[in-house]
Amino acid sequence: MRPLFLQVAAVTRINIKSIPQRFWLSLSTVMAIALVVIVLLSFLAMANGFQQTLTSSGSDDIAIILRGGSQAEINSTVSRDQVRLLEEGPGVARGRDGKPLVSAELYLVVDGVKRSTQTKANLPLRGIGTEGAEVRKGIKIVEGRMFNAGANEIVVGKALLREFQGLEMGQVVAFATSRWTVVGVFEANGSVFESEIWADLPVVQSLFNRNNIFQTVRVRLDNPAALARLQRFVDEDPRLKLDVKSEAAYFAEQASQTSDLIQKLGWPLAITMALGALAGALNTMYSSVAARAVEIATLRAIGFGGFPAFIGTLVEALILAAVGGAIGTIATYLVFDGFSASTLGASFTQVVFSFSLRPALFGQAVLLALAVGLGGGLLPAIRAARMPIVAGLSQH
Amino acid sequence: MNDLVLIRKNLFRKKLRAILMLVSILIAFLIFGVLAGFERAFNAGEDVAAADRLMVVNKINFTQPLPIAYFNRVRAVAGVRQVTHFNWFGGYYQDPKNFLIVMAVDPESYMEVYRDQIEIGAEARAGFMRERTGALVGEAMLKKWGWKVGDRVPIMSNIFMQKNGSRTWDLTIVGTFTARKPSVDTNFMVLQYEYFNETQNLGRDLIGWMALNTASPSDNDRVAKTIDQMFANSLYETSTDTEKAFNKAFAAQLGNIALIVALVVGAAFATILMIVGNTMVMAVRERTREIGVLKTLGFSGGRILRLVLGESVLLALSGGIPGIALAALFAAAMETKVGNFIPGFAVTPAIALKAIALMLGFGLITGLIPAVSAMRLKIATALGRS
């Protein structure tokens, strides 16, 4: 009698070698599992990409200040007096020239045309002062130059250019009766700011009839811990009915809403499809057991146990699932990783983001594939192990 | 024994195999039904839109305001039957998470223009015109929050403040309205523009957008051009489009939902096409000898073809119909849960019909290869094959 593990190895080898006999059926199972993995991974990559874009936008040592209860930049209003009070607040960092690093900004929505659908979409036009780029880190002009103070000039985020048309370098854009020239393209570490149009604050204020009105204030803090001090300062001053948050927290909140929603759609869809693939896998494995009935019975007759037959069938199913999972993962990576898309964000404007996969997601997808393989192999494997010898041998 | 019995017996000859195929088909059509229902709900704005309705918004973007004076000027344009105006209130109830759709409207013209979509009782109508702090609340919204007509509800805004610094408007629910079409969502409320305009702190006498009915859809183009020309080169230029186009562009802002749905449904169908197609080929090959016997008994090639195709079509229908029924049940159960997010989520008769057409097509495709090979099978080969 051979040791058990040798029996298992022998039977497993036979199982695997017999796969080509059921080539098309096995292939259909592999492809079914691959498609399940593709659907799951593309949703997860979408959710992850959106989350990455927003979370990379927020910085721990920048505070964002909105009118109390307004939740998003677009709803907020902050007066000039309030901005002045904030400039004197505790924990506010100062630039080399000694001026406080405080950027009061205007956030307006303008129409752009989406390349893919040729429909109008909401784009953010941010009016910022010279402090705007200084308060934020990692803003880099990659083409052209920054707008000049007082001029009807705009600079455009690099991601925005990908998804929307008419904003290329040198183009003239009309907002109402005012005409603006695109003079530069900027990068912002792949953050949500790359989905924005920036222009000089006073020009935007006057052309949009919002003189002396701001919507949000961004403050560079001495360090992340200074946030609490600034919050206390604002809470204690009745003139400042404002919400102070770290920019990181602000964007993390917005990111989780949308990316949770995408995940909540993706997982049930993938699991439902996995059930369909499971039915296919069971079908394939039962066929495999039926086709090898004589062989299994013969092995049993010469002294092999039921266990090797069980393992052999299970391993065959798991191999099909693993191959399907690998094909699905590679296909998703090749087709969807870096795929650019845009959707409406919390500030009622388009956020451009790229689908992005990360190793943990691959792990989830492979687990789902193997679960289908395990489920599809288990019952047929039990049948193989329990097959009565006489019935098996008398099949022909 | 007629052919139908033969088809059924053939299909369920191996019960387990048939059930597994049925399950995978059922799941594919469940996914199809749910996603098609979702997509339809998502694009419901296009269906609801009246052919003779135009939307007038600020040319920069619809979130930019227009002066109230435009209302009377648009009303005077030839071909405009009725016009009304809206302000987005940015409402919520108690907690910012409880987002509410609240708009400030001119009561009389609002109820006139949207007569085709919502039904308002005479008492509610009179109450809304009379009561300065009154609000009309849609049936769905009343139900969602457990409010009753006559209740006084504190509605907060994330955009506006009252001049006294309060963020809350206490509104009296003077009446409710119901939808005239199933695709109209009633999860919103309207309050009086005059009251809103006088109490809010951000710029007076501005409106968000206007909606108007033209005398006839054939006037749409001319009316839209006249309005936009009238305000050209002013501080507030307008962009006038049909309600349908406006709703379509708005839905498209969320993303290319139609494409996502098509890809997922395509993946689900490709999966079962392979599984079921291969299994059918295998099932018919196992029956080679039997087909030889049938042919010997005088079954024509055409009849054999019909038998196999009948089997695959029966399989598709038996799996697909319960699948689409399950999708309808699922949508009905989910409607109250997701109604706020996607109103009108349902598997409509049109979706069900499309599903049945897909089932027939699917049955024919999966059966085609085995059916043709069975038809062409020569008796000698069939009986010779062991």
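In this predicted model, 44 residues of chain A are in contact with 41 residues of chain B. Contact requires C-beta atoms, placed from the backbone, within 7 Å. On the chain A side, α2 (23-55), β3 (102-114), β4 (120-128), α8 (247-291) and β14 (340-344) each give two or more residues. Helix α8(A) supplies the largest share, 12 residues. Helices (H or I, at least four residues) and strands (E, at least two) are DSSP runs, numbered from the N terminus. This side of chain A splits into 22 nonpolar, 19 polar and 3 charged residues. Here Ala, Val, Leu, Ile, Met, Phe, Trp, Tyr, Cys and Pro are nonpolar, Asp, Glu, Lys and Arg are charged, and the others, Gly among them, are polar.

Residues are numbered from 1 along each chain as written, with chains lettered from A and ligands numbered from 1 in written order. Local features need pLDDT of at least 70 and side-chain atom pairs pLDDT 80 or more, while totals for chains, interfaces and linings use all residues.

Now chain B. It has 15 helices and 14 strands. Its radius of gyration, taken over C-alpha atoms, is 30 Å, well over the 21 Å from the globule rule for 386 residues, so chain B is more spread out than a compact globule. That rule is 2.2 Å times the number of residues to the power 0.38. Along the principal axes, the C-alpha atoms of chain B fill a box of roughly 95 × 45 × 35 Å.

An automatic or database assignment sets the domain bounds. Chain B divides into domain 1 (3-45 + 256-384) and domain 2 (60-236). Taken over C-alpha atoms, the centres of these two domains of chain B are 48 Å apart.

Terms used: Two residues are in contact if their C-beta atoms, placed from the backbone, lie within 7 Å.
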